[in-house]
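Subject: Structure for your review

Dear colleague,

Please find below the structure that I am handing over to you. I would be grateful if you could look through it alongside the notes that follow it.

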Amino acid sequence: MQKSVLKNHAKEGAIWGFIVLELIFFGIAGEYMSMTETAFLAPDNMILLLKQSAPLGIIALGMTIVMINGNIDLSVGATFALCAIVMLDSMTWPILAPLGNWAIPFAWGLALMTGMLMGLINGLIVWKTGVDAFIVTLGAMLGFRGLVFMYNGEQPTFHLNWTMVDIAESAPLGIPLPILVFAVCIAVVWWIMNRTVHGRNAYAIGDNREAAVNAGIKVGPHMVWNYVLIGFLAALSSITFYSESGSVNPNDGMLYELWIITAVVLGGTKLTGGRGSIIATVGGILAIQLMRKGLGFIGADTAMVNLVIGSILIAVLYLDRQLNRKGEEELKI
Amino acid sequence: MADTTLKSVGGFLARQGILVAFAVFMIGFALANERFVDIDNILGVIRSSAILGVMALGVTFVVISGNLDLSVGSMMSFSTIVVLDLHDKIGPELAIPAMFGMTLALGALIGFLVGYLRLNSLIVTLGMLSAIHGLTLTYSGGKNMDIDDKQGTWFGFFGQDEVLGMPVPILIFVLLAAVLTMLLAKTPFGRKVYAVGGNGVAATFSGIPRARTVFFCYIISSFCVATAGLIQASRSLGSQNTVGQGLELEVLAAVILGGASLLGGSGTVIKTVIGVLILGFIQNGLLLIGLEFYFQYVVTWAIIILAVWLDIAVKRGHLWSPIA
């Protein structure tokens, strides 16, 4: 028991070790290969990196919960875009437009409700029909994206409200707002997963659904709540991002789900459910973002970033398997 | 007696639910717009589904073996870019085999990782999606690839020409579907694919080489991807780096619609062809009755879930899931 706890800590630590390695590598390589004068590790650059991690990171928290629960959600990218459209467009509706700046909280509320509604739809279908979550959310990915395109065709949807931009760009205590939102989300989601009955049940369901049913856990409602939560987080991510930019393309958020799943898996969450940690997912997001930004900093292009991240993902999977070789999972042939 | 007849009729409808739904859709569209059943329209739909269809044939093998392949979209971009680039450098006669060789090498790599190293196929192919996209961008330098002399090459044959009145992409699709049906339904290899996907442990204990079988499923998948890339390149004689982006999920949707279970062990090539045709004809039919292009995505969403739900409901005998 003691040993396995230790091992779990070591595994959770691995992602942070990797991040330190990245920081050292890009810190040194940046000195020699960078085009700019500033150092990679300069505080401004690091804060920008955190800020850019926030949109994907917030959704990744939700993905971690859903995956711990033994499900998956491939539709978050489309939900992300849909919420942005609802938020920006609703401010021009006849009901909200006369409110001026007071339209902002309503627009945000509508976006959050849209996200939760999308999550609720996915969750209810997964629960009630018993269709595999992968298929349900794969379908939803197409369906939600269809809704996005039906809203405004291939035109971007935009609405500029300077008050909203000011709020989104504000930096209380010198920390940009998206980072604060991300931090609050981390804290709340961590609390849910580690200190509440719902969190404990989510782990139990992912670990062994049948045992959870036998133990009297209401499996269905827990799954639905987790989908509502990831929908909420996708909407929140959309709000933090689009309040600042004020314009959304119908293609926005495409392939987000793949980046997010990559980050969650790098953080050590099991695809089969039952195991995973919120904090390690944050590590996974930071590792990916560092890699993207670091490689860009030393002059590599998108091509190299894609190549490296893809290879790392497979390498991590291989290493994880090798390290767990004597673990219980290898009993299965 | 009457009761059992009713039951078996119901059972048949449910088992062939996707075919019944397809027929209902077709009849509905045909009544709504007579252009829908026009032979030119039908050939046009099949022709434009051919690229997706050819890829879906290969993915069917992978899915039956109990794995996933999310890398086919970016692999198809890779094949297209490579064959277009090599066309001008070493001529089409050499470019085509060279492209097939490179694509098969990628398939072999995935097959090795999933088959022999037994890594999770979802994550491996997710990683390969990203890595191959990077490879394509590196290869092309991020530029669009075009054939210089578009008039003076016979390379357009695979995508543009007709043989005996049939467009070549359709012929390739049909031929490949026939060969792969034979392979899956009539050969020992095909039975091994089902065995490995149905129950990997039992298959291993029965002496079926699980690793090798999975490996060859990915080889077949990459061969189909290379063929799709060839059709795509030949049709347009020029391409962007992202031509196959997003196709992996549409392909998977077609395979699932055809009734293959993501758990492995079930599905057939013919059913996948039907899945591909359903997607193609519904898209076409919705356009012809005047609905917005993007509405098809919403319809596809509903159809995928309903199809799989129906399948599951019949197997468990209850409409709703028993989960509390």
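This is a predicted model: local features need pLDDT of at least 70, side-chain atom pairs count only at pLDDT 80 or more; totals for chains, interfaces and linings use all residues.

The predictor assigns the complex an ipTM of 0.83 and a pTM of 0.86. For chain B, the mean pLDDT is 87, with 94% of its residues at 70 or more.

Chain B contains 14 helices and four strands. Its radius of gyration is 21 Å, close to the 20 Å given by the globule rule for 324 residues, so chain B is as compact as a globular protein of that length. The C-alpha trace of chain B spans about 70 × 55 × 40 Å along its principal axes. Of the 324 residues in chain B, 52% are buried.

Turning to the contact between the chains, 46 residues of chain A and 42 residues of chain B take part. On the side of chain B that touches chain A, two or more residues come from each of α6, α10, α12 and α14 of chain B. The largest share, 14 residues, belongs to α6(B). By type, this side of chain B divides into 31 nonpolar residues, 10 polar and one charged.

The largest nonpolar core holds 201 residues, and those touching the most other members are A:I59, A:M87, A:I260, B:V54 and B:M55. Helix α10 of chain A gives the most to this core, with 15 residues. Leaving aside residues up to four places away in sequence, B:M55 touches several residues, including B:V72, B:M76, B:C224 and B:V251.

Yours sincerely

Terms used: Residues are numbered from 1 along each chain as its sequence is written. Chains are lettered from A and ligands numbered from 1 in the order in which they are written. Two residues are in contact if their C-beta atoms, placed from the backbone, lie within 7 Å. Ala, Val, Leu, Ile, Met, Phe, Trp, Tyr, Cys and Pro count as nonpolar, Asp, Glu, Lys and Arg as charged, and the others, Gly among them, as polar. pLDDT is the predictor's confidence in each residue, from 0 to 100. A nonpolar core is a set of buried Ala, Val, Leu, Ile, Met, Phe, Trp, Tyr and Cys residues joined through C-beta atoms within 7 Å. A residue is buried if 20 or more other C-beta atoms lie within 10 Å of its own, exposed if 12 or fewer, and partly exposed in between; C-beta atoms are placed from the backbone. The radius of gyration is taken over C-alpha atoms; the globule rule is 2.2 Å times the number of residues to the power 0.38.
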